Amino acid sequence: RAPAPPSIATLTTAGLLLGAVATASTSTAIAGGGVRAMLGGADARATGDMEYANAQLGAAKWRRSPAVEARQTRRERERKAAVNGKIAGAGGDRARDFSTAAFNDGTRTMSRGAAYDMADVVNIPRWMMERVSYHLHRFSGFAYGVDNNELVGNVRRSQWRREHLEARKNHRMESELGADGESLTTPIMVIYLGDLKTSAPNANIGKTDADRVEALVKQLAHAHGTQAVKELVRLTPGVNVHDWPEKENVAQYALKSVLENKADDMEFSKLPWLSFYASRDSDGHFRDKFAEERHLEHHIGCLFAHMFQFQLAYDSGYKDTYMLESDAWDPSLLALPFSAYDPLVENAPQDYDIIFIDKPLQFDHGEPVGSFEDPESGDEMLIFHLKHKSPQAGLSAALVSERFYPKFFKHVGGFGADMIDAMLKAELCVDSAFGSEGVRTGFGAGNAPALKCYWALPKKIMKELLSPDGKHHHDDNDK
């Protein structure tokens, strides 16, 4: 299995020494070995023997006593204090030089190996996991395992249902059934901005980024159980340019490998989009008339937040990593179900750099190059090679390979960046920029793009992406 994301204990401020953390198996022992105990919750209630099911499952007691109310109130206060607190770290020293010259000569950018205080790369907060567990158990009938008291996800529940039906068909005993190991082994990183209010609040989810992340965590736990979420999901800090210089250490770390690929004679302030990091007033606050008039502050923060994830996964040595934005809870934005995450990794093209898993607005990428089955629903998933520029805004979810990072760092260090979605979906993934000998010739002048990119989505939604004439829609202007 892939190494689990780093725990806070393994993270240091000197060079980001991320160790591979050995984690215990997420296999969940189910008392009695029976399907009734495995499924629990709603399935157990159907048997009319709730007391037996609760005893077998070791289900937590969720009584609304005054003590519980007081404890939850206290945890809410602790949560708000934590997410509103400043990131600990060395960034934001107002006494330092914020002039353009200082950025260009490297004194402000830590151009060779940025240090970073990793206090804001965290496990899922305890209050969030407790609330997710409570709702899945109480209102959705999810069961707890006996040995670790963790909720069993729907992927394994579905596997057991199929095995149970097969056992009955072949006159096998329930005790012969067993789970097929973990349903999630791939690290997941989620961009997290705490209690920052979103520009598009959802009446059912909430008004803050923390509310959206909680909805996303709940869906991940629904598919894979709480143990896998605790071990493999990490929250990485979002970037708000108006928090500079106090929280600029996030952007500094995001620039670490990019600046190592920058030519010594290239002025940092002349690299597109990276130069926004150097757009400061005398106190170090972000000031850029061009960006402010065009409302680019959000897109600048999004670029640096994703670059932070790329750098963290690269330093962690992950082979494959899912990278999500907090809006990845929204089913209208996603194509690949959470239950299909590990099967995609197992069936991904050997040469892939990045696979997009959000829902495209239009699609014309030829015949699929691969397929696999969603273990929960049994639906067929298809993999396509990205052939045309995508006009779609946003980068809600993607699977990123270890091969991606050196190519990305080299390009951005030499030529600057752009909006992260446009840079990937319309430039690096599609626009031919390299000649036959692998030398960069410039966008549109070569015969191969910088990255090898794919898109994975369910076969059943392909009909939604067809034009009224029944053909795949593609705008010739996107070629």
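**Exercise 1. Determine the sense in which strands β6 and β9 pair, and over how many bridges.**

Solution. Strands here are DSSP runs of E with at least two residues, helices are runs of H or I with at least four residues, and both are numbered from the N terminus. Two strands pair if DSSP finds at least two bridges between them. Strand β6 (residues 354-356) and strand β9 (residues 397-401) are joined by three bridges in the antiparallel sense. Within β9, alanine 398 stands opposite phenylalanine 356.

The model is predicted: local features need pLDDT of at least 70, side-chain atom pairs count only at pLDDT 80 or more, and totals for chains, interfaces and linings use all residues. Residues are numbered from 1 along each chain as its sequence is written, and side-chain values use heavy atoms, with hydrogens and water left out.

**Exercise 2. Describe the surroundings of strand β5: its partners and its burial.**

Solution. Step one concerns the partners. Strand β1 (residues 188-192) pairs with β5 in the parallel sense over three bridges, and methionine 189 stands opposite methionine 323 in β5. β5 and β9 run antiparallel and are joined by five bridges; threonine 321 has valine 400 of β9 as its bridge partner.

Step two concerns burial (buried: under 20% relative accessible area; exposed: over 50%; partly exposed in between; 1.4 Å probe, protein chains only). In β5 (residues 320-324), five of five residues are buried. Asp320, Tyr322 and Leu324 point one way, while Thr321 and Met323 point the other way.

**Exercise 3. Compare the span of helices α6 and α8 with the expected values, and state what follows each helix.**

Solution. The expected span is 1.5 Å times one less than the number of residues. Helix α6 (residues 126-140) has 15 residues and reaches 20 Å from its first C-alpha to its last, close to the expected 21 Å. Its buried residues include Trp127, Met128 and Tyr134. Just after α6, glycine 141 takes a positive phi of about 75°.

Helix α8 has 16 residues and reaches 22 Å between its end C-alpha atoms, close to the 22 Å expected. Among its buried residues are Asp209, Val213, Glu214 and His224. Glycine 225 follows α8 with a positive phi near 90°.

**Exercise 4. Characterise the largest pocket and its lining.**

Solution. On a 1 Å grid over the protein atoms alone, a pocket is an open set of points where a 1.4 Å probe fits, with protein on both sides within 12 Å along at least five of seven lines; lining residues have an atom within 4 Å of a point. The largest pocket has a volume of about 910 Å³, a volume being the space filled by probe spheres set on the points, which are joined across faces, edges and corners. Of its 36 lining residues, Arg212, His298, Cys302, Glu325 and Asp327 are the closest to the centre.

The elements that each supply at least two lining residues include α8 (209-224) and α13 (297-316). The most comes from α13, with seven residues. By class, the lining has 15 nonpolar residues (Ala, Val, Leu, Ile, Met, Phe, Trp, Tyr, Cys and Pro), nine charged (Asp, Glu, Lys and Arg) and twelve polar (the others, Gly among them).
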